[in-house]
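Welcome to this short tour. Please open the structure in your viewer and keep the selection tool at hand.

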Amino acid sequence: MASDDLHSDWAAWFDAELAEAEAAALRAHRQERRRRGLLRALAWAGAVTLAAVLGFGLVYTAQHGPPPRPAVTASPTPAG
C-alpha cells in the first residue's frame, strides 16, 4: 500500500505542476495578444497622425505659401 500512497502523492504533485504550467502559458499568451493589440493600435495611430499632418501641411502651404512661379516660356530668338 505504500506504493499506492507514493503514486497518489506523485500524481497529485504532477497535476499541480501541470496546472501551474498551463496557467503560466495562458497568462503569457494573453500578455502577448495584448502587446500585439497595443502595437497594432499604436501603428494605426501613427499612420493616421502622419497622414493628418501631411494633409494639413499641404493645404496650409497651398493657401499661405509663396505665390506660384510664372511658367517658363521659350525666349525669342535673338535678332542679329
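Start by selecting Phe56 and Tyr60: both sit in helix α1, 4 residues apart, about one turn of the helix. Helices here are DSSP runs of H or I with at least four residues, strands are runs of E with at least two, and numbering goes from the N terminus.

A word on what you are viewing: this is a predicted model, in which local features need pLDDT of at least 70, side-chain atom pairs count only at pLDDT 80 or more, and totals for chains, interfaces and linings use all residues. Residues are numbered from 1 along each chain as its sequence is written, and side-chain values use heavy atoms, with hydrogens and water left out.

Now show the two side chains. The ring centres of Phe56 and Tyr60 are 5.9 Å apart and the planes meet at 25°, so this pair is stacked. (Rings of Phe, Tyr and Trp, the last by its six-membered ring, pair if their centres lie within 6.5 Å; planes under 30 degrees apart are stacked, over 60 edge-to-face, and the rest tilted.)

How many aromatic pairs does the structure hold? There are 2. For the other stop, select Trp10 and Phe14, a stacked pair with 5.4 Å centre to centre and 10° between the planes. Trp10 and Phe14 also lie in helix α1 (residues 2-64), 4 residues apart.

Finally, select residues 37-60, which UniProt lists as "transmembrane region" in an unreviewed entry; UniProt positions follow the numbering used here, feature names are shortened, and annotations may be inferred rather than shown by experiment. This stretch is 100% helix and 0% strand, with its end C-alpha atoms 34 Å apart.
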